[in-house]
Amino acid sequence: MYKLKSRLLLGLAMTLVSGCAQKSASVRVAVAVPLTGDIGTEGQGVRRAVELAIEEANQSGRFPYLVEVRAFDDRADPKEAVSVANLIVSDPNIVAVIGHYNSGCSIPASQVYARAGIPMISPASTNPKLTAQQLEEGWLGPRSIFRVVPTDDVQGTYAADFVTDKLKFKNFAVLHDKTPYGQGLAEQFRERFAKRGGQILAFEGIASGDRDFKALLTRLKSLNPQGVFFGGLYPECALLIRQAKEIGLPATFFSGDGSKTNELLKIAGPAAEGAYLSITGIPVEHLPSAKTFLEKYNQKYPGATVKPFDHFGYEATNIALDIISRVGPDRTKFIDELKKIRYQGILGTTEFDAKGDTKNKIITMTKVKNGEFAIVN
Amino acid sequence: MFIEQLFNGLVLGSIYSLIALGYTLVYGILMMINFAHSEVLMVGAFVGLAAYTLLAPPAGGWVALVLVLLVAMTASGLLGIVIEKLAYRPLRQAARLAPLISAIGVSIILSNAVFLWVSNQLLSFPKVVPEQSISLGFMKIGSLQILIFFTSLILMAVLHFMVQKTKMGKAMRACADDLTTSGLMGIDVNKVIAFTFLIGGALAGAAGVLNGMYYGSIKYNLGFLPGVKAFTAAVLGGIGNIAGAVLGGFLLGILEVMAAGYLPNGSQWKDVFAFVVLIGVLLIRPSGILGERIAEKI
C-alpha cells in the first residue's frame, strides 16, 4: 500500500513538475527557487547554473546513472515554498535540494525537508535563523540544512563597519520590508551601527509590494539623515532610490545582496548613481576561479545574464554532486558527508561550521558608478 | 513639509481619480461594478510601453508622450468596448450577480494572458519626458509629478466637457437617470453603453501609462492595488457620481500620504488607515460623500 501511494505521488509530482517522459529510474537533485514573479529572473539564473553543473556531471561520466534536475517554482511565496517542499519530499529519488532563494521561503520549507531527512543547501538565503533553528530544541529532524552564502549578521555588520570606518557617517535612517531577510539584515545593521557610536534616526518597515514611498521619504528628509539603509529586495529598493531623488532627499542609499541586480539600475535609472550595495562573496566576474564557469555558462545560455547568486547555485550543486559520486544517492550518508566536507571549488574552500553555515565569509561592497556596480573595497 | 506631503497626496490622488472615474461611469449607467477595469489599466500600461519602444523617438519628449498616451488610451478604450460586448452585454438582463462574476472572470483572464504571453517579470518603464527637479524655494518637486498631476486634470476637464456639453454626454446622463426610459425615448442604449466603456477604458489606459512613468516599472499584476484603491475612492465619493469619484480619489491619496508621512511607522499602516476612514464615512453616509440617496422604486 505504502509503495503504491508513493508511486502515485511520484507520478503526480512528475506530471505536475515536468510533464516530460522519463528514461530510467535515476538520481535527482531538486532546485527550488522563484521562477516567476519579481524575483523570478534571479531564480531562473540559479536554475540555469544548477542545470549547467548537472549537465557537466553527466557528460563527465562520473556517474553510473543519469543525474536529473527537477526545478520547482516557489514564487518567492512562503506558502508556495512549503507546498513545493512537500512535493519534493514525496519524490524518493530526490537526494538533495538546492534552494530556496528567499529566507522567508527557506525557513518554513527547511522544516519540511528536515522532517523528511532530505539535505538542503541554500545558494542565496542569508537570514541567520535558517541554520540556527536546527540547534533549537524541538527540531524535528537531522541537522540537514546548509548554505554556501555568508549570513546577514556578517553582511549587516560589514556594512555598518564600512560606513563608520570608511565614510565616517554619523547617522542613518534604516528601512526594511518586514521579511525575514530584509528585517534581519536591517536589524543587524542597526545593532552594529549603534554599537559603533552611530545614531539611528528612524527604523521603519514598509509593505513589500508597495510602490509609493514618497510620503515616508519626505518625512525622512526632515530628519536629514546622511545615509539610508534598506533591508529588502530590488523592486522596493529601486523605487525608494528613485523617489528619494525625485523629492530631493540627499542621503546616500545602502542595501544588501537582495537589491544588487541590473534591474535595480534599470528601474532607478540615474538616481542609483552613488548608491552602495553589499554582496555576499565576491562578484562572479571578479573570481579568477570562476572563469571557466562563466565561459561555460555563456556558451550554454547565450544572451542570458549571470545573476548574483548563480555561482553559489553552481557551487552548491557541485558540492552535492561530489558527495553523491562518493557515497551514492543516500540522503543520510549525504548529510554526514556534508558536515565534514572540505570542498575546493569556484568560491574557494567551502567548509561548514556546526550550524551548517559556510566558513567562507567574504563580503564585497559595491558602488554604482556610471550605471554599473564598481567594487570599492 | 506639510505642503510637500499635500502635493505627494494630490499626485497620487490624481491617478486614483482617473481610475475611479471608469468605475463610476459604468456604475452610473449599468449599476454594475466593472472589476475588469484594473486589468484594462494594466493592459494600457503594457501597450504604452510597446508604443514607446516601437514608435516613439528614443530620446522621448512631448511628442512621444502624446503618442504613447494616445495609443494606450485607444487600445484600452477598445478593450473596454470588447469586454462589454463579449462579457457584459449578453448578461444585461440576467441577475445582478452574473455580470459581476463575469467581470471577475475577465479580470483573471486578462492578467493571466499578460502573465503567460507577454511577461511575468518586472519591466522597466521609461520616463518618456526627461525629468527635472523644480525648486520653489521652500520645496523641491519633480517635473514628473507636475506632469502627472496636470495630465490627469486635463483628462478630467475633457471628460467633464464631454459629459456636460456634447450630445453623447447628454445621452449618457439620460441613461444614468433611467436606462429603460432612455431606450424608449429613442436613445441608442447599446451605443451609449459602449461609449461609456470606451471613455472609462481610455482613462484607465492613460492612468496605466502615468502609473508606469511614475513608478518606473510595470508588471502583469500592477492593476490590482490601484484598482482596489480607485474602487474605494469611487465608493468614498459616492459611486455613480463623477465629481464624487474625483473627490474620493484625491481624498484617498491625501489620506494615505498623510498617514504614511505623520504616523510613526505609518508607511506600513497607510492602507489600514485609508480603509478605516472609508468605513467611517460609509457609516455616516452610506452612499458616499457626494452620493445621492436612491429613492425607493415601488
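**Interfaces between domains and between chains**

In this predicted model, the C-alpha centres of domain 1 of chain A and domain 2 of chain A lie 31 Å apart.

**View 1. The two domains of chain A.** Domain 1 of chain A is assigned to residues 2-149 + 286-351, and domain 2 of chain A to residues 152-280. Where the two domains meet, 17 residues of domain 1 of chain A are in contact with 16 residues of domain 2 of chain A, and the area buried between these domains comes to about 1,200 Å², with 56% of it on carbon and sulfur atoms.

**View 2. The salt bridge between the domains, and the domain 1 side.** One salt bridge is found across the interface of domain 1 of chain A and domain 2 of chain A. A salt bridge joins A:Lys307 to A:Glu263, with the closest N and O atoms 3.4 Å apart. On the side of domain 1 of chain A that touches domain 2 of chain A, the elements that give two or more residues are helix 2 and helix 4 (103-116) of chain A, and helix 4 of chain A gives the most, with three residues. By class, this side of domain 1 of chain A has seven nonpolar, seven polar and three charged residues.

**View 3. The interface of chain A and chain B.** Here 32 residues of chain A are in contact with 35 residues of chain B, and the two chains bury about 2,800 Å² between them, of which 46% is on carbon and sulfur atoms. A:Arg211, A:Arg242 and A:Glu246 together supply 23% of the area that chain A buries against chain B, which is more than any other three residues.

**View 4. Polar pairs across the chains, and the chain A side.** Three salt bridges are found across the interface of chain A and chain B. The side chains of A:Lys221 and B:Glu4 meet in a salt bridge, at 2.5 Å from N to O. Counting residues at pLDDT 80 or more on both sides, 15 residue pairs are in polar contact between chain A and chain B. The side of chain A that touches chain B draws two or more residues from each of helix 2 (40-60), strand 7 (199-205), helix 8 (214-223), helix 9 (234-247) and helix 10 (262-268) of chain A, and by class this side has 11 nonpolar, nine polar and 12 charged residues.

Technical notes. Residues are numbered from 1 along each chain as its sequence is written. Chains are lettered from A and ligands numbered from 1 in the order in which they are written. This is a predicted model: local features need pLDDT of at least 70, side-chain atom pairs count only at pLDDT 80 or more; totals for chains, interfaces and linings use all residues. Side-chain values use heavy atoms; hydrogens and water are left out. Contact means heavy atoms within 4.5 Å. Buried area is the accessible area (1.4 Å probe) that two parts lose on being put together, summed over both. A salt bridge is a side-chain nitrogen of Lys or Arg within 4 Å of a carboxyl oxygen of Asp or Glu. A polar contact is a pair of N or O atoms within 3.5 Å; within protein, one must be able to donate a hydrogen and the other to accept it, and residues adjacent in sequence count only if both atoms are side-chain atoms. Helices (H or I, at least four residues) and strands (E, at least two) are DSSP runs, numbered from the N terminus. Ala, Val, Leu, Ile, Met, Phe, Trp, Tyr, Cys and Pro count as nonpolar, Asp, Glu, Lys and Arg as charged, and the others, Gly among them, as polar. Domain bounds come from an automatic or database domain assignment.
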